[in-house]
Amino acid sequence: MKTTTIKDIAQKAGVSVSTVSRVLNNHPSVKPEKRQLVQQIIQQENFQPSMLARGMISNQTKNIGVLLSDINNPYFTDLVVQIELVSRELGYSLLMLNTSTAGSMKTSDPVQRELNAFTIIMEKKVDGLIILGGEIDQVKPNPRYIESLNKTSETIPTVIVGQANESINAMFLPRAINKGTTLAVQHLLSLGYRNIGFIGGETGITITEERLAAFRRTLSIYSKVNEDWIVPSDFYAQSGYQSTEKLLAMDQLPEAILAINDKVALGAIRCLNDHHLNCPEDLAIVSCDAFLDSEYITPRLTTVDQNNKEIGKNAVQLLMKLLQKDQNIIIPTHYPELIIRESCGIQLKGT
């Protein structure tokens, strides 16, 4: 069965293809009688216009590219869900590129995967781009990446959820990545804990370095930082398990540990269980980044809700301002409220 095209509609209405496109885009320059005729034929033919047809006049695809480094990471999942919801309300669809596993981008070089993603983004002619994590989160991003990102952002309005980098010309939406760490350490200190360790995170990554700096700074005010109890690894449950095993092998165990996120905390709890130890009696655990469904971890985990959904919403709203060429864009100077989700397990030390 032959599919009706915008050209077929134009021929049956006796108008140009551009006139049909103007009708589809509700452009005011079409005369009422022509508009009515075109709309009547569209209805008769049950014509479903493609986004390309709609964009012939507006030069828009109504697609937003979302580039992220690992869809398996709940942090990114939270953001993408909110980005999709807000974008859909505004009439946009998402083109999501997951650079950890995405088909043609699969290569042993993570930087090259992201460069390949920029090529695809350009080819698909998306209206805007949102970047979540990846090479941009490195303290010192690869020069090839910076060059490619700057070229992309010259053509496609780009918002990056992350800390600003002076070498990159795109628009940044920063997170309060150290504030939650400060809040979590203060929470442990208020409960009487003084010997506190830190697990998870990868060295050389901005979020790790800033959270570690906040951890050392806050703890040093009231206690002493033991560098042996700082065990970076990665951002996943396996990382938390491995880091906790290293702590358990030491002569002295901290009273409490701060995990960089809930996944790492989950791995730590499993490690304690496997060694017939208990949280929080043998080792209290707090996370500084809450993930989806973390309230169902056993024992219930004390964690900091970073309000990632609000961050995703803000990213889309900022991108819309770029697409509208708003000359008065103001980057939010306040961050979404951070909330301690308090566990029923962690108690005052010694009680």
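Two strands count as paired if DSSP finds at least two bridges between them. The model shown in these views is predicted.

View 1. Strand β3 (residues 128–132) pairs with β4 in the parallel sense, over 4 bridges. Leu129 has Thr158 of β4 as its bridge partner.

**View 2. Side chains of strand β4 (residues 158–161).** Thr158 and Ile160 point one way from the strand, whereas Val159 and Val161 point the other way. Residues on both sides are buried: Thr158, Val159, Ile160 and Val161.

**View 3. Strands β4 and β5, which run parallel.** Strand β5 (residues 171–173) is joined to β4 by 3 bridges. Opposite Val161 stands Leu173 of β5.

**View 4. Helix α10 (residues 237–248) and its buried side.** The 12 residues of α10 reach 17 Å from the first C-alpha to the last, close to the 16 Å expected at 1.5 Å a residue. Ser239, Gly240, Ser243, Thr244 and Leu247 are buried. These residues lie on the same side of α10 because they cover an arc of only 125° around the axis. An α-helix has 3.6 residues a turn, so residues three or four places apart point the same way.

**View 5. Surroundings of helix α10.** The buried residues of α10 pack against β6 (196–199), β7 (230–231), β8 (256–259) and α11 (262–274). On the face turned away from the buried side, α10 carries the exposed residues Gln238 and Lys246.

Notes
Residues numbered from 1 in each chain as written. Predicted model: local features only at pLDDT ≥ 70, side-chain atom pairs only at ≥ 80, totals over all residues. Heavy atoms only, no water. Helix = DSSP H or I, 4+ residues; strand = E, 2+ residues; numbered from the N terminus. Expected span 1.5 Å × (residues − 1). Buried < 20%, exposed > 50% of the residue type's maximum accessible area, 1.4 Å probe, protein only. Arc of directions from axis to C-beta. Contact = heavy atoms within 4.5 Å.
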